[in-house]
Amino acid sequence: MDTILDIKDIHKSFAVNFGRKGRAFGNEYKNVINGLSIGLERGRVTALVGGNGEGKTTLFNIISGLHRPEGGSILFNNGRNTIDCTITSPWKIASSGVGRMFQGTRVFGGLSVIDHLLLQARPVAAETPFNNVIFPLKIRKSDRELKQHIYENLKEFDEFRELWKEGKKAASSLSFARQRMLSLAGLLLGTYDLLLLDEPSSGLSPESFNTLYNFLDVMTARGKTVLLIEHNMEFIKKAVDHCHYMAEGRILFSGSPEEVLSHDKVKQSYLL
Ligand SMILES: Nc1ncnc2c1ncn2[C@@H]1O[C@H](COP(=O)(O)OP(=O)(O)OP(=O)(O)O)[C@@H](O)[C@H]1O
Ligand SMILES: [Mg+2]
């Protein structure tokens, strides 16, 4: 198997009660991830499913370098070099080729849609990627070629073309679904090898669903790898190649979507 992400024996707990001065009392920790391992095959769309609060987003946060685990390793190989995400800074992980769409909406609301896309299209080249946010005027003056790159990438998607037309609006003025589309469109513009999508189908209109299916087709045709967290079983059956079921902080079942969704435990947690 050609593994792009090798997650081995990850452990993560959070302090649940805080004592005085923000210090946790002894024993007041909740184990969220308990020895989780996954080998992610390059070029596939893989789903991570599991009930609410089982630690799926926490795992994404660890892969992105936003949370540090207490144990384990996550080797990401982009075909050029290998990094261990558990000891690498978030900007370095992103610039090595891990892109992410967050759960809910996560846009820079004060930026215009165009400035937002310009920001997402720029390589994360240094430890100061937010200079692009701090100096938006500079972006507007200097990035004709980048705008062309954005238009070329977005034009084959009806809904992304609509976004382009709304370019002067503030990102925060877009509807929930459109803000999610803005995040998704941004992932087409970066140089990512692995995409982490946290519940990409939630809150979407039927039109946006089609955009999402197209997006996944285009990404896999480009040889990208996708790991997505999902609760929508119809979507998983249609769009996903391989599936892992997470509970008790580990992967309990792996296989095709049909195999995994047929387990009684999975049926219970999704009321299938
Ligand atoms: N920063 C944090 N501090 C303390 N507890 C946290 C933190 N982040 C997550 N948790 C806890 O860890 C557990 C797992 O949360 P997580 O968001 O990873 O679940 P999830 O599987 O993504 O759930 P959902 O399907 O509802 O999005 C929850 O009990 C949550 O309250
Ligand atoms: Mg979550």
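Mentor: A helix here is a DSSP run of H or I with at least four residues, numbered from the N terminus. The model is predicted. Helix α1, residues 56–63, gives the most to the shell around ligand 1, with three residues.

Trainee: Which residues are around ligand 1?

Mentor: They are Phe14, Val32, Gly50, Asn52, Gly53, Glu54, Gly55, Lys56, Thr57, Thr58 and Gln103. Each is listed because its C-beta atom, placed from the backbone, lies within 6 Å of the ligand.

Trainee: How do the residues of the shell around ligand 1 divide into nonpolar, polar and charged?

Mentor: Two are nonpolar, seven polar and two charged. Gly counts as polar in this scheme, and the shell includes Gly50, Gly53 and Gly55.

Trainee: Why are α6 and α8 called roughly perpendicular to each other?

Mentor: Helix α6 (residues 144–154) and helix α8 (residues 176–189) pack at an angle of about 110°, their axes 9 Å apart. The range for roughly perpendicular is 65 to 115 degrees, and α6 and α8 therefore get that label. The crossing of α6 past α8 is right-handed.

Trainee: What makes the contact between α6 and α8?

Mentor: Ile150, Asn153 and Leu154 of α6 meet Ala185, Leu188 and Leu189 of α8. Five of the residues in this contact are nonpolar, one is polar and none is charged.

Trainee: What makes β2 and β5 the edges of their sheet?

Mentor: That open sheet has four strands in the order β2-β1-β4-β5, paired antiparallel. β2 (29–41) and β5 (82–84) each have a single partner strand, so one side of each is left without a neighbour in the sheet. From one strand to the next, the twist averages 20°. Helix α1 lies across β1, β2 and β4 (71–77), at about 65° to β2.

Trainee: What is the order of the open sheet of six strands, and which pairing does it have?

Mentor: The order is β6-β7-β8-β3-β9-β10, and the pairing is mixed. β6 (98–101) and β10 are the edge strands; each has a single partner, so one side of each lacks a neighbour in the sheet. Strand β3 (residues 45–49) pairs with β9 in the parallel sense over four bridges. There, Val49 has Tyr245 in β9 as its bridge partner. Helix α1 packs on this sheet and touches β3, β6, β7 (194–198), β8 (225–229) and β9, its direction making about 150° with that of β7.

Trainee: What do β9 and β10 form?

Mentor: They form a hairpin with two residues between them, and Glu248 in the turn has a positive phi of about 55°. Strands β9 (residues 242–247) and β10 (residues 250–255) pair antiparallel over five bridges. Tyr245 has Phe253 in β10 as its bridge partner.

Methods: Residues numbered from 1 in each chain as written. Chains lettered and ligands numbered in written order. Predicted model: local features only at pLDDT ≥ 70, side-chain atom pairs only at ≥ 80, totals over all residues. Axes fitted to C-alpha atoms, helices over the stretch in contact; angles between N-to-C directions. Parallel < 35°, antiparallel > 145°, perpendicular 65-115°, else oblique. Left-handed = near helix turned anticlockwise from the far one by under 90°. Contact = placed C-beta atoms within 7 Å. Pairing = 2+ DSSP bridges.
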